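Colleague: Before I use this model, I want each term tested against its value. Shall we go through it?

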Amino acid sequence: MKKIKVLISDFQFLTREGLIHMVNEKNEYELAGVVNGAEELMKEVLQQHPDVLLMDYQSNDPVLKSLLNQVVNSNATNVLIITNEDKKEYIKPLLDMGIKGIVTKKCSQTEILNAIESVSKNSRFYCNRILDLLIEHDNEPKEVDCEPTDLSPREYEVLQLITKGHKTVQIADELNVSVHTINSHRKNILKKLNLKSPTELIVYAMETGLVKA
């Protein structure tokens, strides 16, 4: 089985070493390299073409933001951001930029590994803390929750087709599965995202950037 190539870019020593150890101990992953400085980032991405760029991000660094834009626009890799920042005004621009995945440094190793796998398949992955930030109102503080969204790649496919207005029969035909299977996916998606109706699902998906219009 082809290994998932991961390029790590984290300028904080302790965090970087932890991520390196996490990737190296998994047989299904291959460490494509480690970026120690911003000036190396684009060069390494274009040379290595990793499946995932696992990248630390700080919104107050304009150079890093510019480089991140270049990486996304190059289409040379899928980006998974790992960050300490947990404010909506810092996270929303990342979604607008087209970032595939965002987790916080409070997430567990399992959650980060799940995110790497999802993003490597060109699927989106945001931990619930990130999703909460995007939909909460300023006067409704929420308890920190960094559990993964836990949608499978197939459920993301179904979700994307739902937001495009496709009916259950159309989705079943496009994905070459039964209507019963699609109905099961619908129920699972609503349950995992703690939503009650398809309308809530569409609004949630579009407002949070879970899928693009």
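Modeller: Start with angles: axes are lines fitted to C-alpha atoms, for helices over the stretch in contact, and angles run from 0 to 180 degrees between N-to-C directions. Contact means heavy atoms within 4.5 Å. Helices (H or I, at least four residues) and strands (E, at least two) are DSSP runs, numbered from the N terminus. By these terms, helix 1 (residues 13-24) lies across strand 1, strand 2, strand 3 and strand 4, and runs at about 160° to strand 2. Helix 4 (residues 88-97) also packs on the sheet, touching strand 4, strand 5 (101-104) and strand 6. The direction of helix 4 makes about 155° with that of strand 5.

Colleague: What are the ground rules for the model?

Modeller: This is a predicted model, in which local features need pLDDT of at least 70, side-chain atom pairs count only at pLDDT 80 or more, and totals for chains, interfaces and linings use all residues. Residues are numbered from 1 along each chain as its sequence is written, and side-chain values use heavy atoms, with hydrogens and water left out.

Colleague: What is the average pLDDT of the protein?

Modeller: The average is 84, and 88% of the residues score at least 70. pLDDT is the predictor's confidence in each residue, from 0 to 100.

Colleague: What makes strand 1 and strand 2 a pair?

Modeller: Two strands pair if DSSP finds at least two bridges between them. Strand 1 and strand 2 run parallel and are joined by six bridges, so they pair. V6 stands opposite L31 in strand 2. Four bridges join strand 1 to strand 3 (residues 52-56), again parallel. There, S9 stands opposite M55.

Colleague: In what order do the strands come?

Modeller: The six strands form an open sheet in the order 2-1-3-4-5-6, with parallel pairing. Strand 2 (29-35) and strand 6 (125-126) stand at the edges; each has a single partner strand, so one side of each lacks a neighbour in the sheet.

Colleague: Why is T83 called buried?

Modeller: Buried means under 20% relative accessible area (exposed is over 50%, partly exposed in between; 1.4 Å probe, protein chains only). T83 is at 1%, so the term applies. T83 is found in strand 4 (residues 78-83). Beyond four places in sequence, its contacts include D56, Y57, I91 and I102.

Colleague: How do you know that T168 counts as buried?

Modeller: Its relative accessibility is 17%, which is under the 20% limit. T168 is in helix 8 (residues 168-175). Leaving out residues up to four places away, T168 touches V179, I182, N183 and R186. The C-alpha atoms of T168 and R186 are separated by 9.0 Å.

Colleague: What makes strand 1 largely enclosed?

Modeller: Five of its six residues are buried, so the rest of the structure largely encloses strand 1. Across the protein, buried residues make up 48% of the 213 residues.

Colleague: How many residues has the largest nonpolar core?

Modeller: It has 64 residues. Such a core is a set of buried Ala, Val, Leu, Ile, Met, Phe, Trp, Tyr and Cys residues joined through side-chain atoms within 4.5 Å. Those with the most contacts inside it include L68, I81 and I102.
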